[in-house]
Amino acid sequence: MSIPDGSPRPGSDTWVAAIHVSEDDRRPLGAGFLIDGRRVLTCAHVVFDEEQQLHPELWVALPKAHGLGYERLRVQEVDAPPAGRRDVEDVAVLVLAQPVAEGYAALLRQPEVGSLVQHLWWAFGFPDGMLGNSSHGVIGEELGYGWIRLDTDSRYGVKSGYSGAALWSADYQAVVAMVGQAQGANGDARAITMRAIADCLPGQKLHTLADWSAESAGDSALAAWGWSLEADPEAGRHWRPRARGVHADSERGFRFRGRTAALTEIRDWLAHPQPHARVLAVTGSPGVGKSAVLGRIVTTSDPAIADSLPPDDVAVRAVTRSVACAVHAKGKTALEVAGEIARAASARLPVQVTDLLPNIQTALERLDRRGFTVIIDALDEAASSQHTRDILRHIARPLAEDLHHLGVRVVVGTRRRDDAGPLLEAFDTSLIIDLDTPRYFTPVDLSAYALATLQLHGDERPDNPYNNTETAERVAGRIAQLADRNFLVAGLTARAHGMHDQQPVDTGALDFTPTVDAALASYLALLASVDHVPAAALMTALAYAEAPGMPISMWQAAITALGYNAPSTSSLETFARSSAANFLIETTLSHQPAPLYRLFHQALNDALLRHRDAADDENAITGALLRTGQQLGWGRVPTYLMRSLPGHAQRGGAIDDLLADDAYLLHADLRRLIPSAATATTPAGQRRARLLRVTPRAIDAPPAERAALYSISEATHGLGTAYRKITHPAPYRARWASTQQSNDEIVLIGHTDSVKTLCSVKLPGGRMLLASAGEDHSIRLWDPVTGTAQHELVGHTGAVAALSTVRLAGGRMLLASAGEDHSIRLWDPATGVQQRVLTGHTDAVKVLRTVNLPNGRTLLATAADNTVRLWDPATGIQQHELDLKTAPAASQRRLFSRKRTRYLPDIERALCTVELPDGPTLLVL
């Protein structure tokens, strides 16, 4: 067992607690962790002695909570199961005499126990005194009564002193269990899951925290157990700033104004007692305020943030706790978005996007939750246009349409179209809030926002000539009049005047072009150079950053690639923090080893890159980033290079250079690299692309195992010798292969028994998938470019013998399957959702065929048990049955016309259609 690249430890662990018997002793009894401002979880055997007597005094230290120092917190009350049950129910809640800041508490999840097996864990305990130490490993097995086995090959194993420690899951980004028992000298251990802990202590109402109905447990419990804005990685750079009407969390002030109609409609839609079973879309032109509106809903639904808004903030607010999960989709794959939603619901993490729907359903039903609202912003800015459509088809719509009976609602923020075409066609027109329309826009809203920005509300400039409200109102009104309903244009213009004007501008002379390009150019012209590099050049380099942003070393590399001498690290950091620049730049700090930087709005990226040769720039940036990775060593580079370098290389036409780096392929994010590798143009690059495609097991393998897997693919497919000769450590290495070299382009692995049938499937937009089915009763849909499974269609109870596509009126495509369970099933290949089950045959169905009639209608023909049945796939209703039991001898062959329905002899395993010149369509057996 080995830990893959990437640390399993949390970005912050201020919740780590040490349990003491006095206010000044130096040897902790064990560990614990803070779950809210008043409660600490630990093991019962830590606070009770061998005679099951509670220690006379108990004190808690939070040694990683900066600001508390050596302060000990007195325990006022202890809640634990009865003594006779503590051998299994080894848990205790310590209630503190005085509260501490809620921000120190752990984020908790209670996923299904079995879903934790084979996931990474990390824990911090106190085995050798007050300083403590950590251990990590893999969850090896589900044990009885909600316990799990912890396996480790960590240098520092689990031993006495870890009892009560929080068990952190890197996959769930939360505490999911508590260490309870060390298991001998090898460092392995056992832990009790949060789900089991909640059952052990019903009086603490821990289940209600996971149920998202935590009124009886208090606001702090909700923040600790479910998705909370404070713990969300997006909170520092997206949601919190938008609630205040500013663009970076470091920027002070509250400037949100207006948008009353849109906010009221969204608020009421979310609060309606009956979900609509459809997605609500919020759209508009770039800069019109889509994210500001959705951010206002998300953040004001959080009680702590709503309470922090000033008394004069009178804009519409969401109903408290009306949002269960918020995802900013910019730069993310569909699977990443699905993972965030699953974590918020404490659901099993999806292996593929289509796992999300059943996993969410199981989690909501298991915990008896009613009400789960998901907001997905920046849909059009996902990792690619295909991911945008996958998020819509496989996440947003299925959740809203198929789980509405569980109270699931979905709101999406998106532009009207992206590079691949329109996006709004997938939404019901009655559920679209278009912020560009008069219904959702009033000039007063824009004037109020321009006024607040002009006066720099909350971060006032003492000599600002617009501190005089009467003067400022005239200028703000003029800016709003010229801004053409665009909040971003108004904000850039008003801020430039508010920061730099020494005298009020003459409103009669005030004029500007109402575009983001023009407003941004004027704004940047007022900013000083940084180490002789123009501000516009610094921003242009950042415009190429993929989400969630570049670390500063990568930003410097991009600046160099554009032909400038990059500023020093300190100069660039100072620039990013300046009040002028942080209006444009988002800085991510939470859960990151170093800050990440990107421009806060896609419209700014578009404006900066509109007149540049983006392909040449990306080519140069790829070269600079590639050299950086090679110099640092791929095992030590920032995550940004593993995640984002394939995208830069593909856009810059440099994917062949990237594929030529042997070491990079051992560390890269293959889910992002494999699709980009398909664009390779050189023979060497195409061989490397094929190497990746025929080695699907490498996707989740650590570097050493990848080296071994690549060497086997090289030997068996004749793809070179680089990984057979590479010096990188590997558990084994292929030297030669005696098998005949394979010409396979890609290997699809997933079926557990023989495959009996294949079918190509064309999705809307032209994307092709491959359907396969066989003896394991399942149907799988594959992306033939990457070799990744898109859906597993489960429903048949016997082998699947036949597949066929069926096109309905209007162009919608279904996939039909038939098998030994006598059923025919119709599936939506875009979502993987079963549409209908056709029953009637009394024997295995092994033949399917579509029949296109002259009138444009399409029927589905099936053959079994000496009958041919014709079905309407749109309704699932049988149209005709052709009974062949009394037909002539088996040696005869005859044609029948659909129009006259004449009978045939004994049925064979093949059907085809013949369209005659005079009009009839004949079905041939």
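So, let's start where two helices meet: V516, D517, L520 and L524 in α15 touch A603, L604, A607 and L608 in α19. Sort those residues by class, and you get seven nonpolar, no polar and one charged. Helix α15 covers residues 516-525 and helix α19 covers residues 602-609, and their axes sit 9 Å apart. How are the two helices oriented to each other? The packing angle is about 80°, and anything from 65 to 115 degrees counts as roughly perpendicular, so α15 and α19 are roughly perpendicular.

Now, keep in mind that this is a predicted model. The average pLDDT for the protein is 84, with 86% of the residues scoring at least 70. Another is residues 247-253, where pLDDT stays under 50 and the model has 29 contacts beyond four places in sequence.

Strand β10, residues 166-169, pairs with β11, residues 174-182. The pairing is antiparallel and runs over four bridges. Within that pair, L167 sits opposite A177 of β11. Are the faces of β10 buried or exposed? Both are covered: A166 and W168 are buried on one side, and L167 and S169 are buried on the other. Between the two strands there are four residues, and in this hairpin Q173 has a positive phi near 50°.

Next up, the open sheet. It has five strands, and if you walk across it you go β14, β15, β16, β13, β19, with parallel pairing. Which strands stand at the edges? Those are β14, at 325-328, and β19, at 432-434; each has a single partner strand, so one side of each has no neighbour in the sheet. From one strand to the next, the twist averages 15°.

Let's zoom in on the β19 end. Here β13, residues 280-283, pairs with β19 in the parallel sense over three bridges. If you want a spot to look at, V282 is opposite I433 in β19.

Then there's a helix on this sheet: α9, residues 334-344, packs on it and touches both β14 and β15, the latter at 372-377. The direction of α9 makes about 160° with that of β14.

That's the tour, thanks!

Notes:
Residues are numbered from 1 along each chain as its sequence is written. This is a predicted model: local features need pLDDT of at least 70, side-chain atom pairs count only at pLDDT 80 or more; totals for chains, interfaces and linings use all residues. Side-chain values use heavy atoms; hydrogens and water are left out. Axes are lines fitted to C-alpha atoms, for helices over the stretch in contact, and angles run from 0 to 180 degrees between N-to-C directions. Angles under 35 degrees count as roughly parallel, over 145 as roughly antiparallel, 65 to 115 as roughly perpendicular and the rest as oblique. Contact means heavy atoms within 4.5 Å. Ala, Val, Leu, Ile, Met, Phe, Trp, Tyr, Cys and Pro count as nonpolar, Asp, Glu, Lys and Arg as charged, and the others, Gly among them, as polar. pLDDT is the predictor's confidence in each residue, from 0 to 100. Buried means under 20% relative accessible area, exposed over 50%, partly exposed in between (1.4 Å probe, protein chains only). Two strands pair if DSSP finds at least two bridges between them.
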